[in-house]
Amino acid sequence: MSTPTVRRRPKTLTPRWRKLALVVHVVSSLGWLGITLVNAVLTFTSVFTDDPRRQHAAILMMDQIGGSLLLPVSLVALVSGIVLSVGTKWGLIRYHWVAIKLVLTLIATGLTLFSLLPGLRELAALTVSTVDGVFVEAGRRPDGFYPIIVSTTMYLTMTVLSVYKPGGKTPYGRRVTAARVRERVAS
């Protein structure tokens, strides 16, 4: 004999917890963007300065700031975004804009962990091993702007998605909504 399956609505965050999660998400996301913009200024200094000591300082500060803060801030933004999506009506993959933000955040976090941070550490090590008064040639290359351009574009895209919420529901989201409507009609 089978027992009827009772489908329960997923638990949602209370207003107080939702607001707290939203504050954490917004602050960490803005922090991520802010760290990237600070690194943009330091990269600009590293590439275009005519003073090797200033270049060394800029590179070491990039490593100090980015190397210390980028990963924790990106993980807080990722986890708080997941908490918000799972704990609200938006769901993790019910709406296109949420799913796209999730993918972009996963990509940005992965690029931070596996590309940007190792690159910063390598550049800082080169700087430490370079004699005072001598430029670090790797720090003079304008390709250091590529990660900044890519990540800033991703963060701004995620911000636009959060504000405009385009794309409607995913196929999964439409199925979940239809199932809930059927349940309400049946009861």
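Me: Is Thr43 buried or exposed?

Reply: This is a predicted model, in which local features need pLDDT of at least 70 and side-chain atom pairs count only at pLDDT 80 or more, while totals for chains, interfaces and linings use all residues. Residues are numbered from 1 along each chain as its sequence is written, and side-chain values use heavy atoms, with hydrogens and water left out. Buried means under 20% relative accessible area, exposed over 50% and partly exposed in between (1.4 Å probe, protein chains only). Thr43 has a relative accessible area of 6%, so the residue is buried.

Me: Which residues does Thr43 touch, not counting residues up to four places away in sequence?

Reply: Thr43 has its place in helix α1; helices are DSSP runs (H or I, at least four residues; strands are E, at least two), numbered from the N terminus. Contact means heavy atoms within 4.5 Å. With sequence neighbours up to four places away set aside, the residues touched by Thr43 are Met62, Gly144, Phe145 and Ile148.

Me: How far apart are the closest N and O atoms of Arg141 and Asp143?

Reply: Side chains of opposite charge can pair when their charged atoms come close. A salt bridge is a side-chain nitrogen of Lys or Arg within 4 Å of a carboxyl oxygen of Asp or Glu, and the structure holds 2 of them. One joins Arg53, exposed at 60%, to Asp51, partly exposed at 22%, with closest N and O atoms 3.8 Å apart. The other joins Arg141, partly exposed at 44%, to Asp143, partly exposed at 35%, and here the separation is 3.4 Å.

Me: What is the angle between the planes of Trp90 and Trp97?

Reply: Rings of Phe, Tyr and Trp (its six-membered ring) pair if their centres lie within 6.5 Å; planes under 30 degrees apart count as stacked, over 60 as edge-to-face and the rest as tilted. The structure holds 6 such pairs, including the edge-to-face pair of Trp90 and Tyr95, 4.9 Å centre to centre with 75° between the planes. Trp90 is partly exposed at 22%, whereas Tyr95 is buried at 17%. Trp90 also pairs edge-to-face with Trp97, 5.2 Å centre to centre, with a plane angle of 75°.

Me: Which residues form a cluster through ring pairs?

Reply: One of these residues, Phe145, is also touched by Thr43. The cluster linked by ring pairs consists of Phe44, Phe48 and Phe145.
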